[in-house]
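The report below goes through a single chain, from its overall layout to individual residues. Please keep the sequence and the model in view while reading.

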Amino acid sequence: MAIRYKVEQAKIGFGTEKKEAYVGKIQLGMTVETEMLVEQVSLRTGMTQAQVKMTLDNMTESILHFCKLGNGVRLGKLGIIKPSISTGSHENADDVSVVKLKY
């Protein structure tokens, strides 16, 4: 099945200078739960579900470890998982601080 998307009208821009434009937005299917992923990987690899679950749990902890050190982690064709921050915008550099840290 192909990825489905719809076209929506949106306001694009920064500050008060916003324009109307059309953008594509993905229409997600269901969220695959961990158990379903474990079952699929087990069927494809011949590993037991317990081995797959243990591997996923340890991979998750390892990715978090590297992200907490400020590193990105390349996951093959999936891309790169990297930490990010949210800050407010301020006129003075000294006023900028991290509001939210995400891994």
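## Basis and overall layout

Helices (H or I, at least four residues) and strands (E, at least two) are taken here as DSSP runs, numbered from the N terminus. On that basis the chain has two helices and six strands, and along the sequence these elements follow the pattern β-β-α-α-β-β-β-β. The radius of gyration, taken over C-alpha atoms, is compared with a globule rule of 2.2 Å times the number of residues to the power 0.38. The chain has a radius of gyration of 20 Å, well over the 13 Å that the rule gives for 103 residues, so the chain is more spread out than a compact globule. Its C-alpha atoms fill a box of roughly 55 × 40 × 20 Å along the principal axes.

This is a predicted model, in which local features need pLDDT of at least 70 and side-chain atom pairs count only at pLDDT 80 or more, while totals for chains, interfaces and linings use all residues. Residues are numbered from 1 along each chain as its sequence is written, and side-chain values use heavy atoms, with hydrogens and water left out.

## Burial and contacts across the chain

A residue is called buried under 20% relative accessible area, exposed over 50%, and partly exposed in between (1.4 Å probe, protein chains only). Buried residues make up 7% of the 103 residues in the chain. With contact defined as heavy atoms within 4.5 Å, residues 24 or more positions apart account for 5% of the contacts in the chain that have a separation of 6 or more.

Two strands are treated as paired if DSSP finds at least two bridges between them. Strand 1 (residues 4-14) and strand 2 (residues 17-27) run antiparallel and are joined by eleven bridges. In this pairing Lys-6 stands opposite Lys-25 of strand 2, and in the hairpin, which has two residues between the strands, Gly-15 takes a positive phi near 65°.

Lys-19 has its place in strand 2 and counts as exposed at 65% relative accessibility. Apart from its neighbours within four places in sequence, Lys-19 is in contact with Ala-10, Lys-11 and Ile-12.

## The packing of helices 1 and 2

Two packed helices are described by the angle between their axes and the distance between the axes. Here, axes are lines fitted to C-alpha atoms, for helices over the stretch in contact, and angles run from 0 to 180 degrees between N-to-C directions. The axes of helix 1 and helix 2 (residues 49-68) come within 9 Å and cross at roughly 115°. Helix 1 contributes Leu-37, Val-38, Glu-39, Val-41, Ser-42 and Thr-45 to the contact, and helix 2 contributes Gln-49, Val-52, Lys-53 and Leu-56.

Val-38 lies in helix 1 (residues 34-45) and is buried, with a relative accessible area of 5%. Leaving aside neighbours within four places in sequence, Val-38 is in contact with Gln-49, Val-52, Lys-53 and Leu-56. Ser-42, also placed in helix 1, is buried with a relative accessible area of 13%, and beyond its neighbours within four places in sequence Ser-42 is in contact with Met-47, Thr-48, Gln-49 and Val-52.

Arg-44 lies in helix 1 as well, but counts as exposed at 68% relative accessibility. Arg-44 and Glu-20 are 24 residues apart in sequence and 46 Å apart in space, C-alpha to C-alpha.
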